[in-house]
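Here is a short report on charged side-chain pairs. It covers where they sit and how exposed their partners are.

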Amino acid sequence: MPSSPMTKLVPLPVFKPDLYERAWQSIPHPTLPLLATAHQKSVTVFSLSTLSSHSSLTNGHERSVRSTTWKPNLPPHKLCLVTGSFDSTAGLWRWDDQDTGGGGALEVEIKDEKDEKDWELIVVLDGHDSEIKCVSFSPGGQYLATCSRDKSVWIWEDVGANESDDEWETVAVLNEHDGDVKAVAWCPETNRSGRGRYSNDVLASASYDNTVRIWREDGDGEWVCVAVLEGHDGTVWGLQWEPRPQGQGFPRLMTWSADQSVRIWSLQEEEEMEEAAPQHAWGGLSGVPSTMRRSPKEDWVCAAILPKAHTRDVYAATWSADSGMVASTSSDGIIALYREEEEAETNDTADDEAAAELDGDVPMTNGHPKKEPEASRRWKVVSSTPNAHGPYEINHVTWCKRYDQGCPPEKRGIEEMLVSTGDDGIVRPWQVV
Amino acid sequence: MDKDNANPTILNTSQLPTRQNRKNGSALNGPFTNSSALVHKLGYTSSPPWEISESDGTDSDAEGDMELIDEQDIYDLISNISDPEHPLSLGQLAVVNLPDIDITPSPLVAADPNTLTQVLVKITPTITHCSLATVIGLGVRVRLEKVLPPNYRVDVMIKEGTHSQDDQVNKQLADKERVAAALENDTLRGVLDKMLEKCA
């Protein structure tokens, strides 16, 4: 990423075909040049090489597909997507490059001649009482989280003997939110296994009740809420963990909201707890009555509010693992780009620590008034692109690797671009220059 | 079922502010032609904003000499929506009122078709605990989103102090995802279609 002060977004050719109807989100495959866009009752998978349709998932849901997630860590010829729908079910779909043989051929319907035959709806995950808003695979692919207007988060585990044996069990139903749960996100793997305090899988959920909750497995198969993040003054539309944490800190969490703001939260880690890890390890809590385990145990503080860049609900934001830059988008049709200023660290650290200390003294959940961080000096808006989808609302934006012909071959799979998805049914890549 | 408000105050249709031609008789007949005329003036069909037509935006018609939409136009688009429980319009029941419609920036300022224009409609439910307030608000939002150009952002709220759970209703009506899901609910869709029957 060039560090020129004049950062701007240059539109690249849009993905073909246009969808001509509201599209909700576009999710890049974790390793392959594919992008899955949820729109109406289906998902269209685009190729990032040709910027055109690769395949589509249709006829699996009675109502709109709101969200989709790729199952990670599969061999390259196998694809697996989960779709979350307003029909209150989640569908698990598989696509196999190799011929599935006789058994599959019998089921091929004559009307589904083209793309459809490749994607097969394998399992319908049934359990939520109303619309599913978001689905998300854990980094290892072992767990799937779903959330719904029914205020619950469900965690499903793949207990099948192998990849082709799809057997999914509900391992947790988390009912602590007071409103629709709008989004769920798993913390990336952190390579912090030496720190006994943390289990590997950490989930965060964002809600219509204006809060964010952090969930951990307690070592005894129980998923517990360890923190409630309060501060947003409106529905929290979504959240993303810091994809590439800096230094030794636990990954930060970015959240965005109907209150038009984007916030960054960080865990206040206590040194003595780190040192005494074995005694405080989550496994050690097994003997504690579950009523006590339910109380939040981690201090999460709002470390920054990104400078204001939007005038309406922020519907999406995305944090780059490569550049550390954040992009956000909104009902106002703007795509804003932010950079965290590294050089300001020496000056601001003292202030931040003082502020963090003040915040840290007050647990996030007890309703006491707490100091609100000012718009952070360390985050700067480096570009704002109005009318990125003309007059239409933009529902989603994501960082994504480039594989298209317009990108020099040596940079394919390395250089990043943004992809925005709007009410106009257009999925548009943007080059950041 | 029992109506929430069996005896609402009803305004005479001739007292309602309108730019619509009444010489054809009742207010229920008039709007047909006039609303279509406004839709024509907008240069848009009555399909919802997410159903994009291929010629959209490039039409010289839509951008060129488009007349500006003012509060009265908005009122005329929603005042003939039928109340879900009374055989009367939202205008007649004074659920929608011309002074409670705001357009920002003001329609006097000429704007290009990409400039966001906010239409804020504050509705007054007939009684403070009216359980149908959300449905009425949804009807107003859906009606306006159907006919207004895509640079319009429609915000529907309960007028302050007229409803006991106005915060909850406002939050629901502002939630794009909930509105989208509600429109896929067949029962609710049926109620809304009936409310909007008298609109063009």
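## Overall count

Across all chains of this predicted model, a search of the whole structure gives 32 salt bridges.

## Lys71(A) and Glu163(A)

Lys71(A) and Glu163(A) form a salt bridge, with N to O at 3.1 Å. The partners lie 92 residues apart and link distant parts of the chain. Lys71(A) is in the loop between β6 (65–70) and β7 (78–85) of chain A. Glu163(A) is in the loop between β12 (153–158) and β13 (168–174) of chain A.

Lys71(A) has 5% relative accessibility, so this residue counts as buried. Glu163(A), at 27%, counts as partly exposed.

## Asp322(A) and Lys401(A)

The closest N and O atoms of Asp322(A) and Lys401(A) are 2.5 Å apart, in a salt bridge. This pair also links distant parts of the chain, 79 residues apart. Asp322(A) sits in the loop between β22 (314–319) and β23 (326–330), and Lys401(A) in strand β27 (residues 394–401), both of chain A.

Asp322(A) is partly exposed at 38% relative accessible area. Lys401(A) is partly exposed at 27% relative accessibility.

## Between the chains

Lys176(B) pairs with Glu393(A) in a salt bridge, closest N and O atoms 2.7 Å apart. The pair crosses from helix α6 (residues 176–182) of chain B to the loop between β26 (388–391) and β27 of chain A. Lys176(B) is buried, at 3% relative accessible area. Glu393(A) is buried, at 11% relative accessibility.

Shared partners also join salt bridges into one network, whose members include Arg66(A), Glu131(A), Asp175(B) and Arg178(B).

Notes. Residues numbered from 1 in each chain as written. Chains lettered and ligands numbered in written order. Predicted model: local features only at pLDDT ≥ 70, side-chain atom pairs only at ≥ 80, totals over all residues. Heavy atoms only, no water. Salt bridge = Lys/Arg side-chain N within 4 Å of Asp/Glu carboxyl O. Helix = DSSP H or I, 4+ residues; strand = E, 2+ residues; numbered from the N terminus. Buried < 20%, exposed > 50% of the residue type's maximum accessible area, 1.4 Å probe, protein only.
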